[in-house]
Amino acid sequence: MLFNSLDFAVFLPLVFFLHWFVAKKSLKAQNILIVIASYIFYGRWDWRFLFLLLFSTLTDFFTGLGLLNEQNIQKRKFLLALSIFVNLTFLMVFKYYNFFIDSFISAFTFFGKPINFRHINIVLPVGISFYTFQTMSYSIDVYKKKLEPTKNFIAFAAFVAFFPQLVAGPIERAAKLLPQFYIKRVFNYEKASDGCKQILWGFFKKMVIADNCAVYVNMVFDHYKNYSGSTLLLGAVLFAFQIYGDFSGYSDIAIGTSKLFGVTLMKNFAFPYFSRDMAEFWRRWHISLTTWFRDYVYIPLGGSKRDTLISIRNTFIIFLVSGFWHGANWTFIAWGFINALYFLPLMLLKRNRQNKDTAAAGKTFPGFKELVSIISTFFLTVIGWIFFRSYTIRDSAGYLAKIFSKTIFKKPAFNIVSKYSIVGALISIIILISIEWINRDEEYGLKKLPKSKLLRWVIIIGITMVIVELGGAQQEFIYFQF
């Protein structure tokens, strides 16, 4: 079920009503409702994958129970290994099997030994990369005795399948989200009102920014050989805003929807395009995933506290694994590699933590040096996004070659899609940047509104009208494929 669909417009008020007016007196009833609603929400894509979700839930729930009273270190390791094996096997079979087969065939063909392997004609379960990582982190934390395993299966099932963040995150930690299903939730008007504002801002980013940019971006990337370097650069910039509007918009809708049910989710984006270097960008982009890799991969490998070569190795591992997590394509691995290269000089010069405050803190506008840093960081990010969006490495190289050719000085082609669409995209990007710059110290773009009630309503109604008037054709969320 898509957030930006008529189904969800009916589903959300119904679940909200049942949660607060029918099940409000019983925590168990609230949790059962959440589980049922979440399975209906997920089953709208393909009901067969509900068994996969349930099996993953059962695996890690019983892993936790097995670890509860087990003190033998070898048996504890076995239980953890079993959990990780089951979850990663799901990912490997459904997401990466055909990729490995294709790479294996290509390698042998390159050396003159053509071979044939059978591909699996299989549909990728929506959100599998998100909920498997969430359940794995529970088992790992229980194994490390950072978390007491739960005996409450309904609460655990609600934690795993909680519908606002089930298919595209944020990837929550059990230590933060699971306890919220232990305590009966009481309706909080201010929290719900804040959630509605965040949902509205998420829909603006998704339907106005991302969906309008998508029309131009798809045309440019699908036919990049036909356009000038300036047009390709514009397409790449619009893709940067498309993926940000799409993914951070989903996160805002998910977090805002959770607030309607009295549940708090972690912040997943912190205005990353205002970053002044690539290290800061990765502290602000997809925070739930980057911190997951930091805690469960980077630090166990030794982090940056050992010698320089080990630190470099760990940096490349974390970025390559992050790229591979995003999809079974060499373009994602190349994207991860490029970002590792961006990060490396900062780490070696020990400047990767120099920008931990907000850009232009305490000021209305950034200074010249800070502005140059923001723009140059954004440009590097755009170059990386070209690999992320392209279908093949060859396409990425061809796309970049045209950008850095003399055709970069030509006027970009605006007439390849409807002028209404491109003008709407550009206007909405200006609105986005302006509002998020004003709120860059806040949780999300519409968090801080004028004190005047009249002005607040003018802004809210204005954003709603912009969504209605400039909202593009319905597009599926990009991260559903991951």
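**Helix crossing and pockets in the predicted model**

The axes of α9 (residues 229-260) and α15 (residues 393-403) come within 7 Å and cross at roughly 120 degrees, and the crossing is left-handed. The structure is a predicted model, in which local features need pLDDT of at least 70 and side-chain atom pairs pLDDT 80 or more, while totals for chains, interfaces and linings use all residues. Residues are numbered from 1 along each chain, and side-chain values use heavy atoms, without hydrogens and water.

In this contact (heavy atoms within 4.5 Å), G229, L232, L233, G235 and A236 of α9 meet Y399, K402 and I403 of α15. The contact residues divide into five nonpolar, two polar and one charged.

The largest pocket (an open set of points on a 1 Å grid, for a 1.4 Å probe, with protein on both sides within 12 Å along at least five of seven lines) holds about 910 Å³ of space. It is lined by 28 residues (an atom within 4 Å of a point), of which R294, Y298, F343, N352 and R353 are closest to its centre. Two or more lining residues come from each of α10 (278-284), α11 (287-298), α12 (308-326) and α13 (330-348). The lining has 11 nonpolar, 10 polar and seven charged residues.

The second largest pocket holds about 690 Å³. Among its 26 lining residues, S193, C196, K197, W457 and I460 lie nearest the centre. Helix α8 gives the largest share of this lining, 11 residues. By class, the lining of the second largest pocket comprises 17 nonpolar, two polar and seven charged residues.

Notes. Points joined across faces, edges and corners; volume = space filled by probe spheres on them. Helix = DSSP H or I, 4+ residues; strand = E, 2+ residues; numbered from the N terminus. Nonpolar A, V, L, I, M, F, W, Y, C, P; charged D, E, K, R; others polar. Axes fitted to C-alpha atoms, helices over the stretch in contact; angles between N-to-C directions. Left-handed = near helix turned anticlockwise from the far one by under 90°.
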